Amino acid sequence: MPWIDACATDDIETEDLIRFDHAGRTFAIYRSPEDTFFCTDGLCTHEHVHLEDGLVQDFEIECPKHNATFDYRTGEALRAPACVNLKTYKTRVENGRVQIDI
Amino acid sequence: MTKRDYSLLGDDARRAVDSGLAAAEWYHTDVPRKTMKALMTRSDQPAIRDTIILFGAMIALAGIGIALWPSWWSAPFWLAYGTLYGSAMDSRWHECSHGTAFKTRWMNDALYQIASFCMMRNATTWRWSHARHHSETYIVGRDPEIAVMRPPAFIKLVLNFVGVFDVAAALPRMVYNAFVGVHPEEKTFIPETEWPKVVRTARIYVAIYAATIGLAAWLGSLLPLMVIGLPRLYGAWHHVMTGLLQHGGLADNVVDHRLNSRTVIMNPISRFIYWNMNYHVEHHMFPMVPYHALPQLHETIKHDLPAANRSIAEAFAEMWPALVRQLRYEDFFIKRVLPDTAKPYREDFHAALAAE
């Protein structure tokens, strides 16, 4: 698959995320406290609530509905009610744009 | 008039799923992302302060109670200790189940385990039941935490001020979980991978209570049970009083927390015991916001909410007659007026669901 252009790096604040929809799928793109970028599926694996309104703390994303928590670098489910890991995707930055490999 | 079936395995549960009510998107007041991020920010400091005060007060009160035992002069100290044990622990259980009390996860988890034990709530089971309560708040047949069913059972409501029915339900379930396994109703909201934890937790609780009862028998005194176990009864009144107000007399089977939840302005002592859950519409709409930021969230979104009740007494004066009326008219509920600045309720959506 080719790299998909998702957003400008400045579109995401440090320690935050945005939603990115592409080809009928939805993703979450994160900017870490170290200004590195990560991408996961957009929906929580618990009840499929979108993570876009969730809270990013360090390298974790917390679902806005039930506070399930994931490590967005690896997708690992860290806190119930999530038991299933999030799928993650590779990212890269080219000319100030965040690209994802889906 | 509709007869409600509150069983999680019953007709209303099936209807909620079939009509789409169980999976519907809930109403949220618009809050700018920057503001919401600030409100959601976690901190250890407020909860560490409150936890030191809570456990410090419990140790002091129980110590005085033990020193004065068996004199009746110990009674007020037991009442105060019991209120912290049987009521403040309810709000600690709740906030920590959301993981919002502390920024540090192990602190949340530690207080959650202690509070769950005090409240006789299986720490694993209730984490999942509360997730369902938030997904499907007061959806009949789906929400396992509906405190006031219709028609209201007033004897049960009143006796629960001293925890009678809660404990009468909790103890057999604890023994069932410890020796039989996960109950069929619990299997509807707890993933199978978590079932062994439910059993392990129940066995630990049974062992602690058995040891406490054994100690009381050996000493020939109620004193050990005054410290562990009985305060869940004699100290329950405050959490029942405030808990009834959360949703009592309001709508069910809706997807707008402004219709099914109540915010009540309370005195500072009740707010400490209740950990600000008096801001209940706000909490349900934005469960990511920690307890210490709820007053600020209230100020941010109150333009979109019905006016808060101004006191516990005022809220009861609103709720109690509605519960009485629900004895004869189960479909009756209080529909509170929104301010002019609010977005209207989704009448058409709820009417369509009701017609399903």
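Predicted model: local features only at pLDDT ≥ 70, side-chain atom pairs only at ≥ 80, totals over all residues.
## Surface and charge of chain A

Chain A carries 10 positive and 20 negative side chains. The centres of these two sets lie 6 Å apart.

## Fold and dimensions of chain A

Chain A has 10 strands and 0 helices. Read from the N terminus, its elements therefore run β-β-β-β-β-β-β-β-β-β. The C-alpha trace spans about 40 × 30 × 20 Å along its principal axes.

The radius of gyration of chain A is 12 Å. A compact globule of 102 residues would have a value near 13 Å, so the two agree. Buried residues make up 52% of the 102 residues in chain A. Of the contacts in chain A with a separation of 6 or more, 40% join residues 24 or more positions apart.

## A buried side on helix 16 of chain B

Helix 16 of chain B covers residues 294-301. Buried within this helix are B:L294, B:L297, B:H298 and B:I301. These residues cover an arc of only 105° around the axis, which means that they sit on the same side of helix 16 of chain B. An α-helix has 3.6 residues a turn, so residues three or four places apart point the same way.

What packs over this side?

## Cis peptide bonds in chain B

B:W69 and B:P70 are joined by a cis peptide bond, with omega about 5°. B:P70 lies in the loop between helix 3 (45-68) and helix 4 (75-98) of chain B.

A cis bond also links B:R150 to B:P151. Here omega is near -5°. The loop that holds B:P151 runs between helix 6 (123-135) and helix 7 (154-159) of chain B.

## Positive phi at two asparagines

A:N95 has a positive phi, near 50°, though the residue is not glycine. A:N95 sits in the loop between strand 9 (88-94) and strand 10 (97-101) of chain A. Its relative accessibility is 78%, so A:N95 counts as exposed; the cut-off for exposed is over 50%.

B:N253 is another residue other than glycine with positive phi, near 55°. Its place is the loop between helix 12 (237-247) and helix 13 (257-260) of chain B. Is B:N253 buried, partly exposed or exposed? With a relative accessible area of 24%, B:N253 is partly exposed, because buried means under 20% and exposed over 50%.

How values were computed: Residues numbered from 1 in each chain as written. Chains lettered and ligands numbered in written order. Heavy atoms only, no water. Helix = DSSP H or I, 4+ residues; strand = E, 2+ residues; numbered from the N terminus. Rg over C-alpha atoms; globule rule 2.2 N^0.38 Å. Buried < 20%, exposed > 50% of the residue type's maximum accessible area, 1.4 Å probe, protein only. Contact = heavy atoms within 4.5 Å. Lys, Arg positive; Asp, Glu negative; His and termini not counted. Charge placed at Lys NZ, Arg CZ, Asp CG, Glu CD. Arc of directions from axis to C-beta.
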